[in-house]
Amino acid sequence: MRSLRYERPADPAAAVAVVHDTPGAVFLAGGTNLVDHLKLGVATPDLLVDVSHLPLDTVEETADGGIRVGTNVRNSDLAAHPHVRSNYPMLSRALLAGASPQLRNLATTGGNLLQRTRCSYFRDVTTACNKREPGTGCSALGGYTRYHAVLGASEHCVATHPSDMAVALLALDAEVLVLGPDGERAVAVEDFYRPPGDTPERDTVLERDELVVGVRIPPPHTPLSTYRKVRDRASYAFALVSVAAEMTVADGTITGCRLAFGGVAHGPWRAHRAEAALLGQPPTESVFASAADAELAEATPLDGNAYKIPLLRRTVVATLRELDERRGRGESA
Ligand SMILES: Cc1cc2nc3c(=O)[nH]c(=O)nc-3n(C[C@H](O)[C@H](O)[C@H](O)COP(=O)(O)OP(=O)(O)OC[C@H]3O[C@@H](n4cnc5c(N)ncnc54)[C@H](O)[C@@H]3O)c2cc1C
C-alpha cells in the first residue's frame with residue numbers, strides 16, 4: 001500500500017505554496033476524477049492538497065456584463081444559476097449533459113476543466129500510454145478507437161478530452177484565471193489546452209503549481225445558443241461528438257456565429273473555418289453543411305472512428321437548423 005498525505009490549506013496562496021514546495025503534490029477538488037485515478041493507479045501523488053473548501057464558490061456579474069465563476073462553483077450550481085440559464089444557455093446545457101446529478105453536485109468548475117481523458121488505455125495501467133507514462137507508446141493506435149480523436153491528434157496520442165463544459169466555454173471565448181507562485185494570470189480557453197504533439201502527458205499550459213481560481217466569461221453575443229451532445233446513451237455517457245453553437249442572423253444573412261466541438265480532439269475544438277464559412281451567408285442547410293465540411297476537411301479518422309466525421313457534420317447542421325428555427329419563432333433563449 002502506498003502512503004498518501006492530505007492537507008487543507010487556509011487560502012489559495014497557501015495551497016499554491018504547498019504544491020510549489022512539494023514534488024508529488026497535487027490539488028484535490030471534488031475528487032470525482034482524481035480519486036478514480038488514485039484507485040486505478042493512474043495517479044500516484046504523495047500529497048493531496050484539498051482546495052474544495054476555499055472560498056472561490058461564487059458566480060459574480062462583472063462590470064462589462066460578463067460573469068466570473070469561482071473554481072469551486074459546483075457544476076450543478078453553475079448550470080442552475082439564473083444568469084447562466086438566461087444568458088449562456090449553451091453553458092447550462094453543456095453542464096447538464098455531463099455525468100449524473102450526484103457527480104455534478106460534487107464536481108467543480110476547475111476540476112471539470114482539468115479532468116483527464118477517458119481513453120481506456122490511459123486508465124489501464126497494464127497498457128502502454130504516452131499520456132500516462134511518456135515514451136511507452138500509444139496502445140490506441142492499432143487498438144480500439146471508437147471514442148478517439150479525428151482532429152488535431154498526433155502519432156503519440158489520439159485521446160479526446162471529455163469535458164462538455166469546456167466546449168461551451170471555448171465557444172463563449174472564456175478565460176481561465178490561474179494563481180501561481182508569481183501571481184495571477186488569465187489564459188484564454190483556446191490557449192489553455194495543448195495539442196498532444198510529442199508531449200501528450202501535458203493536457204494544458206498550466207504549470208504543476210498553478211491553481212485555477214476561476215473562469216471569466218465575456219458578455220453574451222446572443223442568448224440564443226445551445227449545446228447538442230451525441231452519445232451512446234441518453235444520459236450518463238461521454239460525447240461521441242458534441243457541438244456548442246450560437247448564431248445571429250439579420251436580413252437573411254448570418255452576421256455572427258461561434259462554434260466549438262467536443263469528443264473529437266485532445267481538447268475542445270474551436271471551429272474557426274466553419275465560422276468563417278458561415279459569415280455573410282444565408283442560414284440554409286447547404287450553407288451549414290458546407291461550413292461543417294470546411295472544418296472537417298483536415299479530419300484524419302482512425303480504423304474505429306471514421307463514423308465521427310459524418311456524425312459531426314450532421315450534428316452541426318442539426319444544431320444550426322435548431323437555432324435558426326428557434327430564432328424564426330422569436331425565441332430569445
Ligand atoms: C461516471 C462518470 C461520468 C462522467 N461523465 C461526464 C460527462 O458526460 N461529461 C463531462 O464533462 N464530465 C463527465 N464526468 C467527469 C466529471 O465532470 C469530472 O470528474 C469532474 O468535473 C471533475 O471535477 P472535480 O472537482 O471532481 O475534480 P477532481 O477530481 O478533484 O480533480 C480533477 C483534476 O483537476 C485537478 N484540479 C482540480 N481542481 C483544480 C484547481 N482549482 N486548480 C488546478 N487543478 C485542479 C486535480 O489535480 C485533478 O488532476 C464524469 C465522471 C464520472 C466519474
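Start with the cavity lining: its residues divide into 10 nonpolar, 3 polar and 1 charged in the largest cavity. Here Ala, Val, Leu, Ile, Met, Phe, Trp, Tyr, Cys and Pro count as nonpolar, Asp, Glu, Lys and Arg as charged, and the others, Gly among them, as polar. Before you click on, note that this is a predicted model, where local features need pLDDT of at least 70, side-chain atom pairs count only at pLDDT 80 or more, and totals for chains, interfaces and linings use all residues. Residues are numbered from 1 along each chain as its sequence is written, and side-chain values use heavy atoms, with hydrogens and water left out.

**The cavity**

The largest cavity has a volume of about 70 Å³. Select Cys-119, Cys-129, Cys-138, Cys-157 and Ala-159: of the 14 lining residues, these are the closest to its centre. On a 1 Å grid over the protein atoms alone, a cavity is a set of points where a 1.4 Å probe fits but cannot get out, while a pocket is an open set with protein on both sides within 12 Å along at least five of seven lines; lining residues have an atom within 4 Å of a point. Grid points are joined across faces, edges and corners, and a volume is the space filled by probe spheres set on the points.

**The second largest pocket**

Pick Glu-190, Tyr-193, Pro-268, Trp-269 and Arg-270, the closest to its centre of the 16 residues that line it. Two elements give two or more residues to this lining, α9 (189-192) and β12 (269-270); helices (H or I, at least four residues) and strands (E, at least two) are DSSP runs, numbered from the N terminus. By class, the pocket lining has 9 nonpolar, 4 polar and 3 charged residues.

**The ligand**

Now select the ligand. Which residues come nearest to it? Among the 31 around it, they are Phe-27, Gly-31, Thr-32, Thr-108 and Asp-164, where "around" means having a heavy atom within 4 Å. Zoom in on Gly-31: one of its backbone N or O atoms lies 2.7 Å from a ligand oxygen. At Thr-71, a side-chain N or O atom is 3.4 Å from a nitrogen atom of the ligand.

Colour β2 (25-28), α2 (34-40), α7 (109-114) and β8 (211-217), which each supply at least two residues of the shell around the ligand. The largest share, 3 residues, comes from α7. Sorted by class, the shell holds 14 nonpolar, 12 polar and 5 charged residues.

Terms used. A polar contact is a pair of N or O atoms within 3.5 Å; within protein, one must be able to donate a hydrogen and the other to accept it, and residues adjacent in sequence count only if both atoms are side-chain atoms.
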